[in-house]
Amino acid sequence: MGGVGETGGVGYYEAQYDWIWPLIGFIAVTALAIMGVNWILRKILRVERKKLFSGSSNFVNDRHEKVDAYFRWSGAAISIGALFIFRETQSFLPLIALLAISGLQGAYTVYMERTHADNPNDYKYSFLHFLTSSVIVVTCIFTFFPDFFGFILEDIRLLADFIN
């Protein structure tokens, strides 16, 4: 007399889903914290909120829009290439590559807003937004996934082996 769980076998309802609650918590806390900090920064610096899917309001000129597109496409290409190269491993290197390109893209946006934006506080907001968002994401990663640091160290070793 026994059900699936009592026979020693693993039933479909006994699968490991203990990672889902930390993931939901990470997404919720990170999103709320970033939105809250950005709201505060916009109020302090008196910067208008950019439209989410409107390309024209997010760039200061045509050159900014063109170079930003290069960053987006190169980031996608590098991430796909890293996925292909490291497909046999469980690596975060494709994500790290995408984040590095995003950092360069953010730095370029700050530069363009500093030199060409109408509002002199736009570049300050962009810089502080990138800085605080990065700190929030890293803090939440290590809070909700304490083993993540070990994964990053393993990825660094993997990259060093790949280069040599």
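**View 1. Cover over the buried side of helix α3.** The elements that cover the buried residues of α3 include α2 (62–85), α4 (122–144) and α5 (148–163). The model is predicted. The buried residues in α3 are L93, P94, A97, I101, Q105, Y108, T109, V110, M112 and E113. In an α-helix, residues three or four places apart point the same way, because there are 3.6 residues a turn.

**View 2. Length of helix α3.** Helix α3 has 24 residues, residues 93–116. At 1.5 Å a residue the helix should span 34 Å, and its end C-alpha atoms are 34 Å apart, so the two values agree. The expected span is 1.5 Å times one less than the number of residues.

View 3. S126 belongs to helix α4. Its relative accessibility is 11%, so S126 counts as buried, the cut-off being under 20%. The S126 side chain makes a polar contact of 2.4 Å with the side chain of E113. E113 is itself among the buried residues of α3. Leaving aside residues up to four places away in sequence, S126 touches K50, T109, V110 and E113. Of these, T109 and V110 are also listed as buried in α3.

**View 4. R46 in the loop between α1 and α2.** R46 lies in this loop and has a phi near 55°, a positive value in a residue other than glycine. Most residues other than glycine have a negative phi. With 69% relative accessibility, R46 counts as exposed.

**View 5. A nonpolar patch on the surface.** The patch is formed by Y17, W19, I20, W21, L23, I24 and I27, which together have about 750 Å² of accessible area. Y17 is found in the segment before α1 (20–45). The relative accessible area of Y17 is 52%, so this residue is exposed; the cut-off for exposed is over 50%.

**View 6. The whole chain, for orientation.** Of its 164 residues, 26% are buried. Among contacts with a separation of 6 or more, 68% are between residues 24 or more positions apart. The chain exposes about 12,100 Å², and carbon and sulfur atoms supply 67% of that area.

Terms used
Residues numbered from 1 in each chain as written. Predicted model: local features only at pLDDT ≥ 70, side-chain atom pairs only at ≥ 80, totals over all residues. Heavy atoms only, no water. Patch = residues over 30% accessible without salt bridge, like charges linked within 9 Å, V, L, I, M, F, W, Y side chains within 5 Å. Areas by Shrake-Rupley, 256 points an atom, 1.4 Å probe, with all protein chains shown as cover. Salt bridge = Lys/Arg side-chain N within 4 Å of Asp/Glu carboxyl O. Helix = DSSP H or I, 4+ residues; strand = E, 2+ residues; numbered from the N terminus. Buried < 20%, exposed > 50% of the residue type's maximum accessible area, 1.4 Å probe, protein only. Contact = heavy atoms within 4.5 Å. Polar contact = N/O pair within 3.5 Å; in protein donor to acceptor, adjacent residues only side chain to side chain.
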